[in-house]
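Please consult the sequence and coordinates alongside it.

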Amino acid sequence: MASGEALIAYRALLRATRKSFAGDSVMLNASASEVRKKFEENRHVTSQTEIQRLLEEAREASHFISTMIVQAELNERGGYEMKLDNHHAGATLEVPSEENLRKFV
């Protein structure tokens, strides 16, 4: 049963990253690699308590990625724009400064 739950959690995380990082191949690849790495690191966990804790962490991470991460895109005026969806409603967003964003471009 836990392996089925792990697969569901794994797929949910990948879906969340694909949606949050759509159009950003660097972040898509990096996030998919990180998700896989974390699941591989815990492949041999046998304690049901530990498995349930890890599954809960995966569910929380998926929810966080889906609701709290928003990609900012450089617009033609040289500023950054974020497009929020309904699933971001009620989330508290911390908007980075233009100066900090330029460091990553």
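Questions and answers on this structure follow.

This is a predicted model, in which local features need pLDDT of at least 70, side-chain atom pairs count only at pLDDT 80 or more, and totals for chains, interfaces and linings use all residues. Residues are numbered from 1 along each chain as its sequence is written, and side-chain values use heavy atoms, with hydrogens and water left out.

Q: Why is the pair of Tyr 10 and Phe 39 called edge-to-face?
A: Rings of Phe, Tyr and Trp (its six-membered ring) pair if their centres lie within 6.5 Å; planes under 30 degrees apart count as stacked, over 60 as edge-to-face and the rest as tilted. The ring centres of Tyr 10 and Phe 39 are 5.2 Å apart and the planes stand at 75°, so the pair is edge-to-face. A search of the whole structure finds 1 aromatic pair.

Q: What makes this pair a tie between parts 29 residues apart in sequence?
A: Tyr 10 belongs to helix α1 (residues 2–20) and Phe 39 to helix α2, so the pair ties together parts that are 29 residues apart in sequence. Helices here (H or I, at least four residues) are DSSP runs, numbered from the N terminus.

Q: Why is Tyr 10 classed as buried, and why is Phe 39 classed as partly exposed?
A: Buried means under 20% relative accessible area, exposed over 50%, and partly exposed in between (1.4 Å probe, protein chains only). Tyr 10 has 17%, and is therefore buried; Phe 39 has 25%, and is therefore partly exposed.

Q: How do you know that Asn 29 is exposed?
A: Asn 29, found in helix α2 (residues 25–41), has a relative accessible area of 54%, and therefore counts as exposed.

Q: How do you know that the span of α3 agrees with its number of residues?
A: The expected span of a helix is 1.5 Å times one less than its number of residues. The 21 residues of α3 should therefore span 30 Å, and the end C-alpha atoms of α3 are 29 Å apart, which agrees.

Q: What makes Arg 53 and Glu 50 a salt bridge?
A: A salt bridge is a side-chain nitrogen of Lys or Arg within 4 Å of a carboxyl oxygen of Asp or Glu. The closest N and O atoms of Arg 53 and Glu 50 are 2.4 Å apart, and the two form a salt bridge. Both residues lie in helix α3, 3 residues apart, about one turn of the helix. By this rule the count comes to 8 salt bridges.

Definitions and conventions
Helix = DSSP H or I, 4+ residues; strand = E, 2+ residues; numbered from the N terminus.
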